[in-house]
Amino acid sequence: MSEGSLKTSVFVILLVVAGMPAHGELDAAIASEAAKIEAQVIAWRRDIHEHPELSNREFRTAKLVAEHLTKLGFEVRTEVGGTGVVGVLKGGLPGGVVALRAEMDALPVIEKTGLAYASKETGVYEGNAVGVMHACGHDNHIAILMGAAQVLASLREAVPGTVKLIFQPAEEGAPKGEEGGADLILIETIFDTLNAKAASFGVEEAFEQAGRTLPVMISGTITDASGRTLSGQTTEAFYNSIRHIKPISIGLNCALGPDLLRQYVEELSRVCETFTSVHPNAGLPNEFGEYDLEAPEMAAEIIDWGKSGFINIVGGCCGTTPAHIRAFAKGLAGVKPRQLPELEVRMRLSGLEACNLN
Ligand SMILES: [Zn+2]
Ligand SMILES: [Zn+2]
């Protein structure tokens, strides 16, 4: 990326981030703040380029980022997933949350550009001595996001909602044998069964490469009162389509509130040979995109599912808050989890409907 386009990138990112309507004054303020820090962004980029760090070793980079965000008044978390940094800025106007991400790691590549700020760093990658270089543009991404952070912080009062900046470690993939930081894999909010199957295939491949496996949870989404996923399957048909993945749990989440979801949770509980999970929405969103179901009302429904023996794992999706989760946990504390059903051996097929043959 040429340095001339750095400024444009900061500018473009900000317009997307803030999601603000075209507004002459604000546009001018963003452009003016971006212009003020252009030289600084270029300097950061060169500094980061000269000091690249391999995956899971982004210590200097993380420190640079964390110090900058702290100075700007972001809420900063460090050591996220190893060397990651997350910064949160609450804007002065109401609105949703927008996340922006930059990767922090460099590649095991020897730099031969001859630039004044070329990397002379070396490292060890999977047992081999290597050069280290930002050959994938992460130096630009970091510098631009640091610049965007500064512009957002300076216009904080005009920012609607919350901006979350995620500086991600090990985007290129951790070296073999290093932990990625996950305890299990959840493939969720599945509207389309084929996509879920593709995801599970990807997960299997990643397990094979890593030489170890993690538990997999699967969670589908019934999109409306027709009782079908977006790709048209009934709950049981969806179950039949993905049971070969042998997840530790299969469940339903998002879209419908618990009142509308109950019959499908019951159906899943009846046909599912493994544990069941549910994390519904706090009702369907209203015309403002907000969720109206309060913790006590929602907990009453969820506790009923527990007492009916439908569920093993419970949580909340869109619109739920820590208060909702606390209410579920409290209400379910003494309730026995669902017993796995004894199902007869059948060939379980599916199209849009289930077809079980004996
Ligand atoms: Zn990359
Ligand atoms: Zn949701």
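Guide: What covers the buried residues of α9 includes α8, β10 (275-279), β11 (313-314) and α10 (322-332). This is a predicted model, in which local features need pLDDT of at least 70, side-chain atom pairs count only at pLDDT 80 or more, and totals for chains, interfaces and linings use all residues. Residues are numbered from 1 along each chain as its sequence is written, while chains are lettered from A and ligands numbered from 1 in the order in which they are written.

Visitor: Which residues of α9 are buried?

Guide: A residue is buried if 20 or more other C-beta atoms, placed from the backbone, lie within 10 Å of its own, and exposed if 12 or fewer do. In α9, M298, A299, I302, W305 and G306 are buried. They cover an arc of only 115° around the axis, which puts them on the same side of α9. Exposed P296 and A300 lie on the face turned away from that buried side.

Visitor: Why can residues apart in sequence point the same way?

Guide: An α-helix has 3.6 residues a turn, so residues three or four places apart point the same way.

Visitor: At what angle do α8 and α9 pack?

Guide: Angles run from 0 to 180 degrees between N-to-C directions, and those under 35 degrees count as roughly parallel. Helix α8 (residues 258-271) and helix α9 (residues 295-307) pack at about 10°, with axes 10 Å apart. That makes α8 roughly parallel to α9. P258, D259, R262 and V265 in α8 meet M298, E301, I302 and W305 in α9, contact requiring C-beta atoms within 7 Å.

Methods
Helix = DSSP H or I, 4+ residues; strand = E, 2+ residues; numbered from the N terminus. Parallel < 35°, antiparallel > 145°, perpendicular 65-115°, else oblique. Contact = placed C-beta atoms within 7 Å. Arc of directions from axis to C-beta.
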